[in-house]
Amino acid sequence: MPSTALAGIRVLDLSRILAAPLATQLLADLGAEVIKVERPGTGDDSRTYGPPFAPGTDTAAFYLSCNRNKRSVTVNHATAEGQEVIRALAARSDVLVENFRTGTLAKYGLDAESLRELNPRLVYLSVTGFGQTGPYAERPGYDGVFQAMSGMMSVSGHPEEPMKVGVSMVDILTGLYASTAVLAALRHRDATGEGQFIDLSLLDCGLASLSHFAMNYLVSGEVPARRGNGGYGGIPSQAFQCADKPLFLVAGNDKQFAAFCAAADRTDLLQDPRFATTSARIAHREEILPVLEALLRTRTRDDWLAVLDAHDVPAGPFNELPEVFADPQIRHRGMLVEVEDPVSGPLPLLANPIRFGATPVEGYAPPPALGEHTADVLADVAGLAADQISGLRSRGIV
């Protein structure tokens with residue numbers, strides 16, 4: 001049995017910035033060998049997306065967030081010799097991931113059709129802003145553009161102002177869709193012997209993430225209103241200001257609402273037909289919320305959290321990041337790990353949240369320095385001799 005879930009899988013990572021590198025980092029965490037190909041001299045654009053930078057380096061924390069457990073190779077894909085190096089690596093890989101603009105790699109003979117002629121078992125994933133087809137296929141784009149275009153911003157924020165999600169949510173969701181797609185394609189490859197091409201669009205993934213919001217609109221024809229920190233599930237499901245600090249409270253069904261009423265000593269609310277059922281509370285949202293807002297202001301946040309927990313009602317505090325990483329549950333789950341970087345020293349990283357029973361995610365190698373593994377990979381994987389590698393370096397190819 002392999003020690004890791006994806007032991008023996010090699011991924012050639014030609015991607016930059018966030019969405020696709022997140023996907024390949026996840027595959028690397030799961031045990032795949034990931035070879036990150038970067039431009040000589042400059043590398044992945046995200047290396048410069050600072051400050052902050054890792055101590056003693058010019059490598060941005062942004063880059064560190066999505067490139068651990070990889071090996072870095074520098075190759076100039078715009079040269080004929082560089083293209084041959086990438087072909088040699090692709091011929092010996094199981095997966096290739098790239099996020100160049102539509103049609104770019106075809107100019108260099110590094111598109112899916114060309115590389116799969118060399119290696120029919122290759123799973124080739126292309127992540128682009130708008131996909132390989134359609135009127136916008138050749139447009140550039142970034143996360144904020146897709147949050148706006150997909151409708152994500154239209155359902156986020158307060159009624160008077162659409163708002164972007166703080167993190168690059170479309171990139172992150174696309175990375176998760178991408179890794180899932182690769183795993184499915186590998187399963188198909190193992191069953192049939194054939195790889196395949198995967199066309200993944202950030203705009204598509206942004207729209208898919210609207211989930212029940214989109215479905216509510218498709219069923220009802222009603223455009224969802226922006227509700228700030230309020231939700232669309234059971235009532236209550238939103239932020240409330242307590243006597244001192246806010247909390248987030250959800251009573252997603254009638255049992256939980258009854259428990260909340262007991263915790264608040266307001267069981268009389270259960271006798272009101274407007275509030276007795278989930279559907280009634282949703283229909284009479286504007287009537288019950290002022291009652292709940294006034295009620296929550298009568299005690300401190302910590303008092304409410306204690307009594308709500310005692311009654312098994314879902315609620316939690318609003319934590320800033322220092323509070324998040326100090327939280328005993330987060331600490332218990334090991335969501336913060338530390339690795340030793342040869343330049344910056346101890347480097348904290350977010351852990352992978354997947355907990356396997358048989359193939360645990362245990363290894364965390366620091367994100368690589370630019371071109372750190374070029375000589376080793378070109379010798380071991382591409383089969384180049386030392387003098388060939390030296391010659392490529394002297395000409396700026398690698």
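# Briefing: an open parallel sheet and its helices

Both faces of strand S5 are covered: Val123, Leu125 and Val127 are buried on one side, and Tyr124, Ser126 and Thr128 are buried on the other. In total, six of the six residues of S5 are buried. This is a predicted model. S5 belongs to an open sheet of six strands.

**The sheet**

- The strand order is S3-S2-S1-S4-S5-S8, and the pairing is parallel.
- Strand S3 (70-74) and strand S8 (197-201) stand at the edges. Each has a single partner strand, so one side of each has no neighbour in the sheet.
- Neighbouring strands are turned by 20 degrees against each other on average, with direction ignored.

**Strand pairs**

- S2 (residues 33-38) runs parallel to S3, and five bridges join the two. Glu38 has Thr74 in S3 as its bridge partner.
- S4 and S5 pair in the parallel sense through four bridges. Here Glu98 stands opposite Ser126 in S5. Ser126 is also one of the buried residues of S5.
- From S4, the chain crosses through helix H4 (residues 112-118) to S5. This β-α-β crossover is right-handed.
- S5 also pairs with S8 in the parallel sense, over five bridges. Val127 has Leu200 in S8 as its bridge partner. Val127 is buried too, on the side of S5 that holds Val123 and Leu125.

- Helix H6 (residues 169-192) lies across S4, strand S5 (123-128) and S8. H6 runs at about 165 degrees to S8.

**A glycine in a loop**

- Where is Gly252 placed? Gly252 sits in the loop between strand S10 (246-250) and helix H9 (254-263).
- Gly252 has 35% relative accessibility. Buried means under 20% and exposed means over 50%, with partly exposed in between. Gly252 therefore counts as partly exposed.
- Which residues does Gly252 touch, leaving aside those up to four places away in sequence? They are Gly234 and Thr278.
- Gly252 and Pro314 are 62 residues apart along the chain. Their C-alpha atoms are separated by 8.7 Å.

Terms used:
Residues numbered from 1 in each chain as written. Predicted model: local features only at pLDDT ≥ 70, side-chain atom pairs only at ≥ 80, totals over all residues. Heavy atoms only, no water. Pairing = 2+ DSSP bridges. Axes fitted to C-alpha atoms, helices over the stretch in contact; angles between N-to-C directions. Contact = heavy atoms within 4.5 Å. Buried < 20%, exposed > 50% of the residue type's maximum accessible area, 1.4 Å probe, protein only. Right-handed = clockwise from strand over helix to strand, strands pointing away.
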